[in-house]
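Colleague: Could you take me through this structure, one question at a time?

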Amino acid sequence: MSRLDSFIRRLEAQRSCLADAARRSRETRGVVLELGLGNGRTFDHLREICAGRDIYVFDRQVAAHPDCIPAPDRMFLGDFTQTLKDARAKLGDNAAAMIHVDLGSGDAAASLALAARLAPDIAALMAPRAVLVSDQPVEAPDLAALPLPEGVRPGRYFMAEKR
Ligand code: SAM
């Protein structure tokens with residue numbers, strides 16, 4: 001498969017998983033968290049598919065398209081290892097109905113290790129039945145893997161529900 005095809009499949013998988021998560025978490029009270037603003041592509045999409053929800057976004061910098069920059073009071077700016085703890089203090093544990101983790105860099109091992117390090121704080125922020133969508137495996141005792149939407153190859157994206 002060419003790199004172009006692989007990139008397109010990844011974005012299709014991301015979009016399918018986000019749609020499935022929005023549907024699954026529709027009845028769950030809580031905010032939406034986006035880890036990884038990047039250029040704002042998935043934040044912009046979440047605004048569409050999670051209309052009416054408060055969306056909080058995390059990144060170490062704001063470098064998004066000008067149309068996709070969250071309001072300052074919806075942004076946790078800094079390293080995820082600190083800002084997730086800030087979010088737990090500000091929003092409270094169990095605050096999120098849905099979390100999207102999109103933290104991957106070119107360094108696969110570092111991305112995997114970062115996700116593992118963040119897993120306890122991510123799980124703590126999720127309400128019971130909240131849904132996690134992630135570009136990395138995120139494992140915690142109270143997270144159960146969810147089946148992926150049709151057409152998404154296992155390992156390309158990850159979904160889990162808080163027990
Ligand atoms: N979701 C974005 C989009 O659709 O445009 C893409 C996000 S990009 C793959 C990953 C983002 O995570 C980058 O913007 C990077 O700055 C951020 N990031 C990676 N590691 C981080 C860390 N430890 N703390 C804070 N931000 C981090």
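Modeller: A crossover is called right-handed if, with the strands pointing away from the viewer, the path from the first strand over the helix to the second runs clockwise; helices (H or I, at least four residues) and strands (E, at least two) are DSSP runs, numbered from the N terminus. This is a predicted model, in which local features need pLDDT of at least 70 and side-chain atom pairs count only at pLDDT 80 or more, while totals for chains, interfaces and linings use all residues. Residues are numbered from 1 along each chain as its sequence is written.

Colleague: Which hand does the unit of β4, helix α4 and β5 have?

Modeller: β4 and strand β5 (residues 126-134) are parallel and share five bridges, where two strands pair if DSSP finds at least two bridges between them. Within this pairing M98 stands opposite V131 in β5. With helix α4 (residues 108-125), the two strands form a β-α-β unit that is right-handed.

Colleague: How many residues of strand β4 are buried?

Modeller: A residue is buried if 20 or more other C-beta atoms lie within 10 Å of its own, exposed if 12 or fewer, and partly exposed in between, with C-beta atoms placed from the backbone. Strand β4 (residues 96-101) is largely enclosed by the rest of the structure, because the buried residues number six of the six.
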